[in-house]
Amino acid sequence: MSDSAPIIRGVLIQIADAKLLLPNATIAEVLSYADPEPVSDAPDWLLGRIRWRGWQLPLVAFSRFTGIASDEQGGLGSKVIVLKALGGDSKRPFFAVLTQGFPRLVTVTDTSLKSDASDDAVPEGVLAKVRLNEDDALVPDLATLETRIGEALAAAA
């Protein structure tokens, strides 16, 4: 590997029926799962709100959001990852995603990451399907997810 090859610290996150690949820098904290406070009239992928450091964070079931799995729910062994929002909304600088177990730190390089060239359609909320070494993963579209969270919370208010 040459000295000029970029190396990115990433995190593989297990969700229902898939794995997400995110830059390590987007994760603020990993929490144990606790039942969220429900949000009335919210879509099924918005599980509710959790309290974290004085914030009320929307908790998203990403597999439900994308349509990958309809039965994703928290329980024993589930974790919640708090993500830094990228949209610049000072009222919602963080949101949370339900995961199955602890995220795994990974090193992402040009040689370890391959695009999935299959003809499968990429679901809403996913930028790309990739393969990192031996793991198939989805790169989530966090901007779309943040927009949809904002719309869901506005409609439920």
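1. Contacts of Lys-129. In this predicted model, Lys-129 is in contact with Ser-115, Asp-116, Asp-120, Ala-121, Pro-123, Ala-137 and Leu-138, leaving aside its neighbours within four places in sequence. Lys-129 is found in strand E10, which covers residues 126-132. Its relative accessible area is 18%, so Lys-129 counts as buried, the cut-off being under 20%.

2. Asp-41 as a contrasting case. Asp-41 lies in the loop between strand E3 (27-32) and E4. Asp-41 is classed as exposed because its relative accessibility is 71%, and the class begins over 50%. Asp-41 and Leu-83 are 42 residues apart along the chain, and 24 Å separates their C-alpha atoms.

3. The largest nonpolar core. This core has 26 residues, and the members that touch the most other members are Ile-13, Phe-62, Leu-83, Phe-95 and Leu-145. At least two residues of the core come from each of these elements: strands E1 (8-15), E2 (18-23), E6 (78-84) and E7 (94-100), and helices H1 (62-66) and H2 (142-156). H2 gives the largest share, six residues.

4. Leu-145 and the second core. Not counting residues up to four places away in sequence, Leu-145 touches Val-60, Phe-62, Phe-65 and Phe-95. There is also a second, separate core, made of twelve residues, including Leu-47, Ile-50, Leu-57 and Val-80.

5. Pairing of E1. Which strands pair with E1? One is strand E8 (residues 104-108), in the antiparallel sense over five bridges; in this pairing Arg-9 stands opposite Thr-107 of E8. Another is E2, also antiparallel, over six bridges. Here Gly-10 has Pro-23 in E2 as its bridge partner.

6. The E1-E2 turn. E1 and E2 form a hairpin, with two residues between the strands. Asp-17, in the turn, has a positive phi of about 65°.

7. Confidence. The protein has an average pLDDT of 91, and 96% of the residues score at least 70. Where is confidence lowest, and where is it highest? The lowest is in strand E9 (residues 113-115), with a mean of 89, and the highest is in strand E4 (residues 46-52), at 97.

Note on methods. Residues numbered from 1 in each chain as written. Predicted model: local features only at pLDDT ≥ 70, side-chain atom pairs only at ≥ 80, totals over all residues. Heavy atoms only, no water. Core = buried A, V, L, I, M, F, W, Y, C linked by side-chain atoms within 4.5 Å. Buried < 20%, exposed > 50% of the residue type's maximum accessible area, 1.4 Å probe, protein only. Helix = DSSP H or I, 4+ residues; strand = E, 2+ residues; numbered from the N terminus. Contact = heavy atoms within 4.5 Å. pLDDT = per-residue confidence, 0-100. Pairing = 2+ DSSP bridges.
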